[in-house]
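Subject: Structure handover

Hello,

Here is the structure I promised to pass on. Please keep it open while you read my notes below.

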Amino acid sequence: MSHKRFPLFLDLAGRRAVVLGGGTVGLRRAEALARFGAEVTVIAPRLVRELPGVRHLARRYQAGDLAGAFLAVAATDDPAVNAAAGREAQERGVLFNRSDCPEACGFFFPAICEGGGLTAGVVGDGSDHRRTAAAAKRIRETLEVL
């Protein structure tokens with residue numbers, strides 16, 4: 001069953017964000033968080049590309065890595081690691097997103113649309129990703145002409 005998702009905009013300036021996983025999804029999340037002012041640490045044995053302005057710990061996730069984090073993203077290719085991070089996030093009261101399990105998420109990444117000093121986020125109920133992408137594209141086009 002799909003659920004409606006409440007849009008919430010957070011001030012991430014100076015807040016610690018931890019991203020587990022150095023693949024395409026993890027780095028896209030890390031890049032977005034850093035663009036909005038978060039102090040991002042990516043924990044992954046290796047990265048698919050370098051990401052300036054983001055701290056990289058070249059190792060696997062370890063219990064305790066989420067200490068002091070405001071939010072965390074688990075985007076590894078290991079469901080057991082993602083689940084362990086989710087348990088730690090819950091114990092520590094850290095906002096959590098897991099790329100492979102929407103049911104385990106406390107927040108969702110929107111399609112981010114920016115332009116003219118405005119920011120919009122588009123998120124669907126998970127049933128039609130193409131529709132969400134199409135809506136985000138139209139919003140981006142609108143923001144470009146404002």
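Which backbone nitrogen does a side-chain oxygen of D78 reach at the start of helix 2? The answer is the backbone nitrogen of A80, with the oxygen within 2.9 Å.

First, some ground rules. This is a predicted model, so local features need pLDDT of at least 70 and side-chain atom pairs count only at pLDDT 80 or more, while totals for chains, interfaces and linings use all residues. Residues are numbered from 1 along each chain as its sequence is written, and side-chain values use heavy atoms, with hydrogens and water left out.

Helices (H or I, at least four residues) and strands (E, at least two) are DSSP runs, numbered from the N terminus. Buried means under 20% relative accessible area, exposed means over 50%, and partly exposed is in between (1.4 Å probe, protein chains only).

**Helix 2**

Helix 2 covers residues 79-92, which makes 14 residues. From first C-alpha to last, helix 2 reaches 20 Å, close to the 20 Å expected at 1.5 Å a residue. (The expected span is 1.5 Å times one less than the number of residues.)

Which residues of helix 2 are buried? They are V81, N82, A85, G86, E88 and A89. These residues cover an arc of only 165° around the axis, which puts them on the same side of helix 2. (The arc is that of the directions from the helix axis to the C-beta atoms.) The face turned away from that buried side carries the exposed residues A80, R87, Q90 and E91. Strand 1, strand 4 and strand 5 (95-98) are included in what covers the buried residues of helix 2. After helix 2 comes G93, with a positive phi near 70°.

**The cores**

A nonpolar core is a set of buried Ala, Val, Leu, Ile, Met, Phe, Trp, Tyr and Cys residues joined through side-chain atoms within 4.5 Å. The largest one has 19 residues. V19, L33, V40, V42, L71 and V73 touch the most other members. Strand 1 (16-20), helix 1 (24-35), strand 2 (39-43) and strand 4 (71-74) each supply at least two residues of this core. Helix 1 gives the largest share, four residues.

Now look at V19. Contact means heavy atoms within 4.5 Å. Not counting residues up to four places away in sequence, V19 touches G26, A30, L33, V40, T41, V42, I43 and V73.

N97 lies in strand 5. Is N97 buried or exposed? At 5% relative accessibility, N97 counts as buried. A polar atom of its side chain lies 3.0 Å from the backbone oxygen of F107. Leaving aside neighbours within four places in sequence, the contacts of N97 include R29, A72, C105 and F109.

D65 sits in the loop between strand 3 (55-57) and strand 4. D65 is buried too, at 9% relative accessible area. Its side chain makes a polar contact of 2.8 Å with the side chain of R59. (A polar contact is a pair of N or O atoms within 3.5 Å; within protein, one must be able to donate a hydrogen and the other to accept it, and residues adjacent in sequence count only if both atoms are side-chain atoms.) Beyond four places in sequence, D65 also contacts E88, among others.

Strand 6 (residues 111-115) and strand 7 (residues 118-122) run antiparallel, joined by five bridges. (Two strands pair if DSSP finds at least two bridges between them.) G115 stands opposite L118. Two residues lie between the strands, and G116 takes a positive phi near 60°. G116 is exposed, at 69% relative accessibility. G116 and A104 are twelve residues apart in sequence, yet 34 Å apart in space, C-alpha to C-alpha.

Helix 3 (residues 129-145) has T132, A136 and L143 as its buried residues. Seen down the axis, they fall within an arc of 35°, so they line one face of the helix. What covers them includes strand 6 and strand 7. On the other side, R130, R131, K137, R138, E144 and V145 are exposed.

Best wishes
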